[in-house]
Amino acid sequence: MECLIGICGKDFVVVASDNLAAHSIIAIKHDAQKQFELGDKMIMAVSGDAGDMSNYAEYIQKNLKLYEMVHGYKLTPNAAANFSRKVMAQSLRSRGPYMVNLLLAGVEDDGTPSLYFMDYLASMVKEKFAAHGYGSFFILSTLDRYYREDMTKEEAIDLLKLCIREVQSRFIVNLNAFSCKIIDKDGITSVGDIPASGTVHKDVPKEAIHPELIARA
């Protein structure tokens, strides 16, 4: 039921993930963080099993930091993506595979952006735009129609909002908001949460609740 979105520009990458943590048909919370910073200019957005998401992302995060401490330099986004794929492929051949899909976005020291799409079967490809989850069924056609390689950051954010509105209007599950970040040569910048129009926020006003339900509480 989750949704990850990535858009790669000429010198930046925009990554967004929904904030819903759910189990079966139950919404656990609406402020879940599914983005993990792997460095000053690199982010991994993950979806899938809640335990595997945390274990896998933190394992990659800590090992990249260990590599930097041992060797004295940081891995590039390409090297980090290939390491992440290796870990996923090894777990796939074990008794406890990671049930995780991810987008890895980063910017090289020379300002070259990159976006990697990877699934739980350790298939990986470098893309200009990508999406994971059920939301991707509604998003990919929109991205294919409006994406341009020379987009500005503002245009990429507008396209992202268009994708979120499409998910909200078409998808039966309520994804109330998306966390969005921009990665460029200067580092990682949080755009904040982008609420989907017409959704019910976690802080529902008391006036919106039926009086009988309040009386029973």
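1. In the hairpin of β3 and β4, two residues sit between the strands, and S24 takes a positive phi near 60°. Strand β3 covers residues 21-23 and strand β4 residues 26-29; they pair in the antiparallel sense over three bridges (pairing needs at least two DSSP bridges between the strands). A21 has K29 as its bridge partner in β4. Helices (H or I, at least four residues) and strands (E, at least two) are DSSP runs, numbered from the N terminus.

2. A word on the source: this is a predicted model, where local features need pLDDT of at least 70, side-chain atom pairs count only at pLDDT 80 or more, and totals for chains, interfaces and linings use all residues. Residues are numbered from 1 along each chain as its sequence is written, and side-chain values use heavy atoms, with hydrogens and water left out.

3. On to helix α4. Its buried residues are A156, I157, L159, L160, C163, I164 and V167 (buried is under 20% relative accessible area, exposed over 50%, partly exposed in between, with a 1.4 Å probe and protein chains only). They cover an arc of only 160° around the axis, so they lie on the same side of α4; the arc is taken from the directions from the helix axis to the C-beta atoms. Exposed E154 and S169 are on the face turned away from that buried side.

4. The cover over the buried residues of α4 includes β1, β2, α3, β11 and β12, counting contact as heavy atoms within 4.5 Å.

5. Cysteines: with a disulfide taken as a pair of cysteine sulfur atoms within 2.5 Å, the count is zero. C3 is in no disulfide, and the nearest cysteine sulfur, that of C163, is 8.4 Å away. C3 counts as buried because its relative accessibility is 0%.
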